Structures are given as C-alpha cells and as structure tokens.
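Please look over the points below with the model open beside you. They go from the sheet to one helix, then to a few single residues.

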Amino acid sequence: MLDRRGFLGSAAALAGVAALEGNADAAPLYGRTPHTRFAVNVEMWWGRLPFLDRIRAAARLGFPAVEFWPHRGKELSAIADLTAELGVEVAQFT
C-alpha cells in the first residue's frame with residue numbers, strides 16, 4: 001500500500017504520461033478511494049499550467065479536493081465558481 005507521498009507521486013506521473021499522450025482523461029481516477037479522501041496541492045504538481053487549469057487537472061484525475069498557496073493574487077471568486085462546477089472542494093489555502 002502506498003503512503004501519501006507515493007500515492008501523489010504516482011498520480012502525478014500518470015497525469016504526465018496521459019498529458020504527453022494527449023489524453024488526460026485516460027488516466028485512472030486515483031484521488032478517490034472507498035475510505036480515504038486526498039487533496040492535491042495544485043501549486044506543486046501542475047506549476048506550469050495556468051492556475052484554473054491546475055484545478056481542472058486535479059478534477060480529471062478524480063481528486064475530490066485541492067489545496068494551494070498563497071491565496072493573494074488569485075481570483076477567489078473564479079476559483080469558487082470552478083470548484084463548484086467541478087465538484088471539487090478547497091481543502092486548504094494560505
């Protein structure tokens with residue numbers, strides 16, 4: 001069984017492979033498990049994407065929640081609208 005670090009590393013690697021193949025939707029849903037919920041830090045895993053696209057990438061992989069930092073300089077209303085649309089929660093921001 002993977003620990004959290006191994007789990008997130010595997011999910012990010014699979015997302016990268018799927019993105020290179022041009023089909024990010026082909027990656028399995030690793031963020032949802034029957035008994036555990038994971039939040040992914042979108043600043044760490046998708047730093048090269050525009051910010052809202054990072055949240056979309058996390059949702060495509062099935063993560064039920066995201067975290068990010070800092071909140072300053074980000075359009076919080078746009079983030080709230082997108083997360084509501086995608087059914088993704090904001091678990092943490094600083």
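In which sense do strand 1 and strand 2 pair, and over how many bridges? Strand 1 and strand 2 pair in the parallel sense, over 3 bridges. Two strands count as paired if DSSP finds at least two bridges between them.

1. Basis. This is a predicted model: local features need pLDDT of at least 70 and side-chain atom pairs count only at pLDDT 80 or more, while totals for chains, interfaces and linings use all residues. Residues are numbered from 1 along each chain as its sequence is written, and side-chain values use heavy atoms, with hydrogens and water left out.

2. Overall make-up. The protein chain has 4 helices and 3 strands, arranged along the sequence as α-β-α-α-β-α-β. Helices (H or I, at least four residues) and strands (E, at least two) are DSSP runs, numbered from the N terminus. Of the 94 residues, 34% are buried. Buried means under 20% relative accessible area, exposed over 50%, and partly exposed in between (1.4 Å probe, protein chains only). The accessible surface comes to about 6000 Å², and 56% of that surface belongs to carbon and sulfur atoms; the areas come from the Shrake-Rupley method with a 1.4 Å probe, and for residues only the protein chains shown count as cover.

3. Contacts along the chain. Among contacts with a separation of 6 or more, 69% are between residues 24 or more positions apart. Contact means heavy atoms within 4.5 Å.

4. The 3 strands form an open sheet in the order 1-2-3, with parallel pairing. Strand 1 (39–41) and strand 3 are at the edges with a single partner strand each, so one side of each has no neighbour in the sheet. Direction ignored, neighbouring strands of this sheet are turned by 30 degrees against each other on average; the axes are lines fitted to C-alpha atoms, for helices over the stretch in contact, and angles run from 0 to 180 degrees between N-to-C directions. Ala39 stands opposite Ala65 in strand 2.

5. Helix 4. Which residues of helix 4 (residues 76–86) are buried? They are Ile79, Leu82 and Thr83. These residues cover an arc of only 95 degrees around the axis, which puts them on the same side of helix 4; the arc is that of the directions from the helix axis to the C-beta atoms. An α-helix has 3.6 residues a turn, so residues three or four places apart point the same way. On the other side of helix 4, Ser77, Asp81, Ala84 and Glu85 are exposed. Cover for the buried residues includes helix 3 (51–60), strand 2 (65–68) and strand 3 (89–93). Just after helix 4, Gly87 has a positive phi of about 75 degrees.

6. Glu43. This residue lies in helix 2 (residues 42–45). Glu43 is buried, with a relative accessible area of 18%. The side chains of Glu43 and Lys74 are joined by a polar contact of 3.1 Å. Such a contact is a pair of N or O atoms within 3.5 Å; within protein, one must be able to donate a hydrogen and the other to accept it, and residues adjacent in sequence count only if both atoms are side-chain atoms. Leaving out residues up to four places away in sequence, Glu43 touches Phe51, Arg54, Glu67, Phe68, Trp69 and Lys74.

7. The loop between strand 2 and helix 4. Pro70 is in this loop, and the peptide bond from Trp69 to Pro70 is cis, with omega near -15 degrees. Arg72 is in the loop between strand 2 and helix 4 too, and is exposed, with a relative accessible area of 66%.
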